[in-house]
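Biologist: I am new to this structure and would like a short tour. Could you take me through it?

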Amino acid sequence: MSEKNVQRLPAEALYQRELDALIAAEQDPVPTGWRMSPRSALTYLIGGASVKGVEITPKYIGSRRLVEIAIATLVTDRALLLIGEPGTAKSWLSEHLAAAVNGDSTKVVQGTAGTTEEQIRYSWNYAMLIAKGPSPEAMVKSPVYRAMETGSIARIEEISRCASEVQDALISILSEKRLSVPELGMEVPAAKGFSVIATANTRDKGVNDMSAALKRRFNIVVLPTPSDLETELEIVRTRVEQLSAGLDLNASLPDSGTVEQVVTIFRELRGGSTLDGKQKLKTTSGVLSTAEAISLLANSMALAGSFGSGVISAADLAAGLQGAVVKDEESDKISWKEYLENVMKKRGSGWLPLYQACRELNG
Amino acid sequence: MMGRPVLYGVRHLSPAMAFHLRQALDAHRPALVLVEGPSDLNDQMHWLCHPETRFPAAILAYTKAPPVRTILYPLAVYSPELQAILWAHEHGVECRFMDLPSGTMLALEEGSEPLEDEEEPEENTEWVYRRLEEVTGEGHDTFWERKFEQIGDWQTCRKAANTFGAQLRAAAQDGKRRTAQTLVREAYMKRVIGQAVDQGTPPEKIFCVCGAFHVPGLQENTPMTDEEEAALPQADCAATLMPYSYYRLSSRSGYGAGNKAPAYFELLWDALHREGLSGLPSRYLAHLAEAHRKAGNLVSSAEVIEGVRLAQTLCAMRGSRYPCLADLRDAAVTTMGHGNFSELAAAVAATEIGSGIGALPEGVSRTSVQEDFYRQLKELRLEKYRGLERQQLDLDLRERLHVKDQQTALLDLRRSFFLHRLRVLGIHFAAPLPSRQEGANWGEYWDLRWTPEVEIEVVESSLLGDTIEGAAAFALKERGEASTSIGEAAGIFQDAFLCGMPAAARHALSVLQALSVDAAALTEVAETAGRLSLVVRYGDLRRFDAAPVVPLLQQLFLRACLTLEEACQCDAKAAPGVTAAMDHLDRLQLSHDCLEGERWLELLSCVSDRDDLNTLCSGFAMAILLERGAVEEALLAREVARRLSPGVPADLGAGWFEGLAGKNRYALIARLSLWRHLDDYLSALDDGQFRRALVFLRRAFAGFGPSEKNDIAENLGEIWGVNQNQAAEVLMGALTQTEQEALKDLDDFDFDDI
């Protein structure tokens, strides 16, 4: 399958040029099992430098210090846990960290209510197991197993959605750094460089709370929502650009005014007050994350490209906003209408088309 | 060839600078150490070197005339200046301050209002620090720590500091005023150095410790001439040493005045003297873990170890050799705080700021008020309250009978006097808490907390007198002379009483007396009399002779009696105030035999009788009389009939009843005849009048409790010949729909036509 037809390339393929340039220009010592030094990994993630003629784009826009702590954690072979609201780039950061350190971000376990212990450890090819008995060949290795063998990073997404016995399976792996296979009478020691990056969602708190024992084995980094409008605007703009390049949306990029409007609406409804702090607002049940703002704009571009003029119109945007803001709850609809009348309507001519389009959808 | 004096540039409050400075001193073996500091305060140095002195401490210079202006030179154990002084003391080397005298500094500060046409240039030192932060992406404290605190030897350290100082000086273009002050100070310092050379100390044997910023100035500028020195302004001032606190050091940002993490810097200082900076991470994180555990949280040693490792990796990414505070704190938040700073905030404050306060040996040159303050703290056994933690002190003012001597028996009373005197002086060492036990006048509750501000406030009060008591007396006297109303004067009198200062109380009393000649409102007179009454009643408890107060109390009471009738001619809005004053006066009269009871009762009957006064007041007067048992049944019956007769406007009648119900309801309820009259009166009213009366009566009965209403029900039941329970049901039951509507209509009742 040619790479062109893949819907979404893994980070290491998408940014191969940048990674290669950084590796080629390496000057600092590289930890065992890593492909580049911690400092180069930091450059890869926060961008803003030009290495060997290749512009390094920022992958994570926000606190540089948090990225430093995350990388430093992996250097000390501790496991890293990224916690945050939905849409604060936890998985995104985890993917790029793995891409920078190993050039492989694909050893992923997706945590769900149905995740079993086997998916963390190993399972069997049962046909072969029955035919030949337990043997290394009959083993189906989990991403964590493979990471231990190769001394690389395994990613576990949404760890707090896994049942607690599944989480517990991780404890021995993280503290002993070895995995026993009693069926074959052997133990797999983790090679140097093995580590785990897990992500957890603060909205999932209480679903399957992580035990203190497991938490203690992680260094925890809390990812905040973007601190100010400018940062969030930059994140949305960059990501929309990257997305639209990959998706052939046939529409021109949203202008800065449109992006600002969307981000402003999201920030205000998320924070429960207008940006100038003068007016209190009802919040909605949805998270209204930065990631949602990005997908909303991409979605509007798709609407404009497929059914409209190729330029995002107020109506395209309004349809997206409606879906993002008004989740299935009745109260969201009220909050949204109030926002339209009390805030948006009074914002002047720049906001008028959007207001009217939203108004039409809400009758 | 003549050598040159050693100019050793430092940064104030920098542990590494202090550490290396001592090594530099060891290497140079100077014959004279000159330290940047007010040159008139050399006599404070030996106290700094006293073995009982604990740091942080500060040299405080203050003007002797009000308004008091102060300058502070805080010194922590890791201050390079202090270490230079201590080194000199330990090695028997002469040491002197070399900066402008404190009086000149104070005078310069005062006379240096920014010129009007002068604008602060954008490129001042703050601007340079801001730019540094933009370039490094870290706070300038962190920058300093990474680049300077981690230097390993004194030669490099000196070179680095001097370079930094020179470049900072080159980059910063301070305003004219600041530049001028800097130049004057440097010229003076250079003059002092020159004088030392003239006195025969070989130049190369002179070791000058000053801010790195001043080193280029001392190298290049010319010394101050005699004429220039004579022309320096001079403020009349004095100086003292005072204990300082780490909290205060941390809250004062800005170069030289403080640093954000004094307790952490002390850890750094300790580490330098033991295992070196490599031991700092474990020291810091272990302290932090302990503080966090103390607050009831679980921290495992494994987390501390991981924290140390993470901090080391973090600093390596920033290219520094040892982790600095920012690295350590971030590592701690990640490994111990589950990623949230808020979890660790309290422990971080304890570890980085700490609750350290300094202490000075006895006999240190203090102002006499300070001496007195500390002497009394000791004598009154309050020394343990001299801490940064808020502590509560409960006092029992009564004499303790089972102890040996008078002094101990009245310890709590004397404490109370002392704390009240501090309060009067505006020294925020103790704050009174509201009394907890209703009516227990012998209990007093205080919140005690010592801060360096307290020390400054104590020093400031030295302007008022030589002892706490003397200063308090002076403060009260001044306040007394400035007071313009009897309320104010009574407050001062009460303060003097609480402070246990009879002389001051007498003075306040004379002021009060003088003021009471002028007209004052009834309510104010009543309130003032109430305050005096408290003193007369409870004076014994505080060993206060209240006899001189009695005549004034009588005088005020008389005044109130004379103005009461007039005051009762008021509108409905003012009437509650008047009735409150009447109540006040009544209680006064009851508690003091010296007040004429006869006159009072006569006056009340007069108020009660008169028809032209506010009916609420008249009713209330009747209520008091009723309570005193001064009304005969027949008179009451006549009065009720008269006040509630059909001809009288309903609002006046009901208002009178409201006043009557304002006091001692049992006396009312017990009189069946009264309710019969009320019943008759109400039945005689026509619909319109009834509606008016209802408004007032509803208000009058709103204050009655359920049991009181029950008793009324009993009365009415008897009058109407119905079962008491039935009546109670009607009275207490919820309102029906129609009744509620009717009442709602009353809300719109138009009073304009009354």
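Predicted model: local features only at pLDDT ≥ 70, side-chain atom pairs only at ≥ 80, totals over all residues.

Biologist: At what angle do α3 and α4 of chain A pack, and how far apart are their axes?

Modeller: Helix α3, residues 38-46 of chain A, packs against helix α4, residues 64-75 of chain A, at an angle of about 140°. The axes of these helices are 10 Å apart.

Biologist: Which residues make the contact?

Modeller: On α3(A) they are Pro38(A), Ala41(A), Leu42(A), Leu45(A) and Ile46(A). On α4(A) they are Arg64(A), Val67(A), Glu68(A), Ile71(A), Ala72(A) and Val75(A).

Biologist: How many of those are nonpolar, polar or charged?

Modeller: Nine residues of this contact are nonpolar and two are charged, with no polar ones.

Biologist: Let us turn to the two chains. How many residues of each are in contact?

Modeller: Chain A contributes 20 residues, which are in contact with 16 residues of chain B. On the chain A side, at least two residues each come from α3, α4 and β11 (218-223).

Biologist: Which element supplies the largest share of that side?

Modeller: That is α4(A), with eight residues. By class, the side of chain A that touches chain B has ten nonpolar, three polar and seven charged residues.

Biologist: What about chain A as a whole: how many helices and strands are there?

Modeller: Chain A has 16 helices and eleven strands. Of its 363 residues, 45% are buried. Among contacts in chain A with a separation of 6 or more, 69% join residues 24 or more positions apart.

Biologist: Is α13 of chain A mostly covered or mostly open?

Modeller: Helix α13(A) is mostly covered, since 13 of its 18 residues are buried.

Biologist: Now chain B. Which residues of α27 are buried?

Modeller: The buried residues of α27(B) are Trp600(B), Leu604(B), Val607(B) and Ser608(B).

Biologist: Why are they said to line one face of the helix?

Modeller: Viewed down the axis of α27(B), the buried residues fall within an arc of 100°, so they line one face.

Biologist: What do they pack against?

Modeller: They pack against three helices of chain B: α25 (549-567), α26 (575-591) and α28 (615-628).

Biologist: And what span should α27 of chain B have?

Modeller: Its 13 residues, 597-609, should span 18 Å at 1.5 Å a residue, and the end C-alpha atoms of α27(B) are 18 Å apart, which agrees.

Terms used. Residues numbered from 1 in each chain as written. Chains lettered and ligands numbered in written order. Axes fitted to C-alpha atoms, helices over the stretch in contact; angles between N-to-C directions. Helix = DSSP H or I, 4+ residues; strand = E, 2+ residues; numbered from the N terminus. Contact = placed C-beta atoms within 7 Å. Nonpolar A, V, L, I, M, F, W, Y, C, P; charged D, E, K, R; others polar. Expected span 1.5 Å × (residues − 1). Buried ≥ 20, exposed ≤ 12 C-beta atoms within 10 Å, placed from the backbone. Arc of directions from axis to C-beta.
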